[in-house]
Amino acid sequence: MEKRKVAIPLVCHGHSRPVVDLFYSPVTPDGFFLISASKDASPMLRNGETGDWIGTFEGHKGAVWSCCLDTNALRAASGSADFSAKIWDALTGDELHSFEHKHIVRTCAFSEDTHLLLTGGVEKMLRIFNLNRPDAPPREVDKSPGSIRTVAWLHSDQTILSSCTDIGGVRLWDVRSGNIVQTLETKSPVTSAEVSQDGRYITTADGSSVKFWDANHFGLVKSYNMPCTVESASLEPKFGNRFIAGGEDLWVHVFDFHSGEQITCNKGHHGPVHCVRFSPMGKSYASGSEDGTIRIWQTSPATADENEATGANGAAGKVKVGANEAARKIEGFHISKDGPNEG
């Protein structure tokens with residue numbers, strides 16, 4: 001009888017509370033990186049290929065709901081329940097600037113050209129901060145119909161996307177005029193919105209379904225009902241032939257983009273999955289959970305009968321090649337602890 005293949009993820013410990021957001025950098029000369037946001041108030045930076053911990057950004061005084069890296073992975077940003085968004089040096093871990101808000105910051109995003117930071121949250125207001133003039137007041141767009149859950153840039157920073165915590169739909173804003181130019185209609189609030197790497201699609205998760213929208217003409221391309229309530233979804237960036245979704249049933253589901261058929265289902269988390277993201281090359285994907293762990297799964301998974309190649313940290317031998325890519329970042333990081341807690 002053929003041995004059943006079981007996906008063996010890399011399990012990344014360190015956060016002491018639920019992991020609520022994940023973000024992969026593009027591929028840089030030093031490799032690619034993964035940043036995680038957690039209710040423990042301490043975003044963490046990792047080697048995106050191996051999952052190895054690089055450093056922790058320390059300074060927030062409340063849950064961190066959102067995190068991102070700029071195009072070159074030189075700076076990080078985070079949005080927090082302490083009413084602030086912070087910019088960090090991703091090479092040293094130093095806080096570069098803190099932007100004060102009047103309520104919880106739920107989401108943040110660097111512009112593609114890296115000069116601007118977009119934030120949104122409970123205030124129902126989009127703010128655009130000029131990172132070349134961080135002390136200048138931000139541009140404020142206050143026409144959001146509800147508390148803001150997600151934001152993203154598209155169309156070479158000419159358009160902003162946002163969704164609300166308690167109202168369905170995705171709003172598309174013209175940056176120059178500050179007006180809503182289009183609304184992508186969904187029945188339930190959109191908890192995850194991702195612009196594909198090639199700029200063709202917007203992937204949304206709205207609880208009961210995952211939808212794919214044409215990012216240029218805004219038509220609905222595909223809509224698939226999910227087997228459980230999902231909180232996050234991500235499209236494979238290289239071939240666009242599969243997507244992942246995670247939510248209440250603790251599993252990370254992989255689906256065929258063209259048919260909606262489930263390809264595989266990854267079990268391992270001990271709490272609901274709050275966020276899933278594909279790595280920039282599409283060779284692996286990460287999931288973050290209520291259980292406080294991040295799991296990195298291989299798209300063509302390492303399997304239980306290939307475990308001879310697995311090292312002490314759970315990384316398959318072929319994965320270890322990238323371990324030195326982050327050396328510059330690790331050497332410069334001001335690590336104030338012995339490493340992340342193994343808990």
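The following legends describe close-up views of a predicted model.

**View A. An open sheet of four strands in the order E1-E27-E26-E25.** The pairing in this four-stranded sheet is antiparallel. Strand E1 (10–12) and strand E25 (273–278) stand at the edges with a single partner strand each, so one side of each has no neighbour in the sheet. On average, neighbouring strands of this sheet are turned by 20° against each other, direction ignored.

**View B. The pairing of E1 with E27.** Strand E27 spans residues 294–298 and pairs with E1 in the antiparallel sense, over three bridges. Cysteine 12 has isoleucine 294, in E27, as its bridge partner. In general, the strands of a sheet pair through backbone hydrogen bonds, in either a parallel or an antiparallel manner.

**View C. An open sheet of four strands in the order E6-E7-E8-E9.** This sheet, too, has antiparallel pairing. At its edges stand strand E6 (64–69) and strand E9 (95–100); each has a single partner strand, so one side of each is left without a neighbour in the sheet. From one strand to the next, the twist averages 15°.

**View D. The pairing of E7 with E8.** Strand E7 (residues 75–80) and strand E8 (residues 84–89) run antiparallel and are joined by five bridges. Within this pair, glycine 79 has alanine 85, in E8, as its bridge partner.

**View E. The hairpin formed by E16 and E17.** Strand E16 covers residues 168–174 and strand E17 covers residues 180–189; the two pair in the antiparallel sense over five bridges. Arginine 171 has threonine 183, in E17, as its bridge partner. Five residues lie between the two strands of the hairpin, and in the turn glycine 178 has a positive phi of about 75°.

**View F. The second largest cavity and its lining.** The structure holds two cavities of 30 Å³ or more. The second largest cavity contains about 30 Å³ of space. Its lining consists of His101, His103, Ile104, Val105, Thr119, Gly120, Gly121, Glu123, Met125 and Arg127. Strand E11 (residues 116–121) contributes the largest share of this lining, with three residues. Sorted by class, the lining of the second largest cavity comprises three nonpolar, five polar and two charged residues.

Notes. Residues numbered from 1 in each chain as written. Predicted model: local features only at pLDDT ≥ 70, side-chain atom pairs only at ≥ 80, totals over all residues. Heavy atoms only, no water. Pairing = 2+ DSSP bridges. Axes fitted to C-alpha atoms, helices over the stretch in contact; angles between N-to-C directions. 1 Å grid on protein atoms, 1.4 Å probe; cavity = no way out; pocket = protein on both sides within 12 Å on 5 of 7 lines; lining within 4 Å. Points joined across faces, edges and corners; volume = space filled by probe spheres on them. Nonpolar A, V, L, I, M, F, W, Y, C, P; charged D, E, K, R; others polar.
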